[in-house]
Amino acid sequence: MKDIFQEGDLLTTEVIVSENDVAEFNGKIIHPVYSTFALGRDAEWACRQFVLQMKEDDEEGVGTFLTVQHHSPAKVKDHVTFEAVVESIQGNEIICHYTAKVNDRLIADGKQGQKILKKTKIQLLFGTL
């Protein structure tokens, strides 16, 4: 694992909300806005950007938790900016805080954790399931 980030480091990613990102269950659209589920997926991706740069070729990241506090809706075609900030790095675990905004309006925030493990260890762990 590369030691290249520290607490407070920030990475930004952007997403454009699509029709596939709306709140839908069993083929029925509940609300035509960015779903909490899709927002969580994109928040994980935003935080994963740190792991992609930190991991060695024989390593991979594994998510350990995700929180989503959904504050405000985003509509289809809105541009959402995710800012992921390193909250802590302890051993092989990185914890990030993120915000998601449309322009200056906060739509969500939360935390996400990942551990960086050897791919062989992951295969062993998943193989026992």
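Helices (H or I, at least four residues) and strands (E, at least two) are DSSP runs, numbered from the N terminus. This is a predicted model, in which local features need pLDDT of at least 70, side-chain atom pairs count only at pLDDT 80 or more, and totals for chains, interfaces and linings use all residues. Residues are numbered from 1 along each chain as its sequence is written, and side-chain values use heavy atoms, with hydrogens and water left out.

**Exercise 1. State how many helices and strands the protein has, and give their order.**

Solution. Begin with the count: the protein has 2 helices and 8 strands. Then read from the N terminus, where the order is β-β-β-α-β-β-β-β-β-α.

**Exercise 2. Describe the extent, burial and contacts of the protein.**

Solution. Along the principal axes, the C-alpha atoms fill a box of roughly 40 × 35 × 20 Å. Next comes burial (buried means under 20% relative accessible area, exposed over 50%, partly exposed in between; 1.4 Å probe, protein chains only). Of the 129 residues, 38% are buried. Last come contacts (heavy atoms within 4.5 Å). Among contacts with a separation of 6 or more, 68% join residues 24 or more positions apart.

**Exercise 3. Compare the span of helix 1 with the expected one, then locate its bend.**

Solution. Helix 1 covers residues 36-54, which is 19 residues. Helix 1 bends by about 35 degrees at R48. R48 is also one of the buried residues of helix 1. Others in that set include L39, F50, V51 and M54.

**Exercise 4. Find where N26 and K77 lie, and decide whether each is buried or exposed.**

Solution. Take N26 to start with: its phi is near 50 degrees, a positive value in a residue other than glycine. N26 sits in the loop between strand 2 (22-25) and strand 3 (28-34). Its relative accessible area is 85%, so N26 is exposed.

Now take K77, another residue other than glycine with a positive phi, near 85 degrees. The loop that holds K77 runs between strand 5 (69-70) and strand 6 (79-90). K77 counts as exposed because its relative accessibility is 66%.

Notes: Expected span 1.5 Å × (residues − 1). Bend = angle between axes of the 7 residues up to and from the residue.
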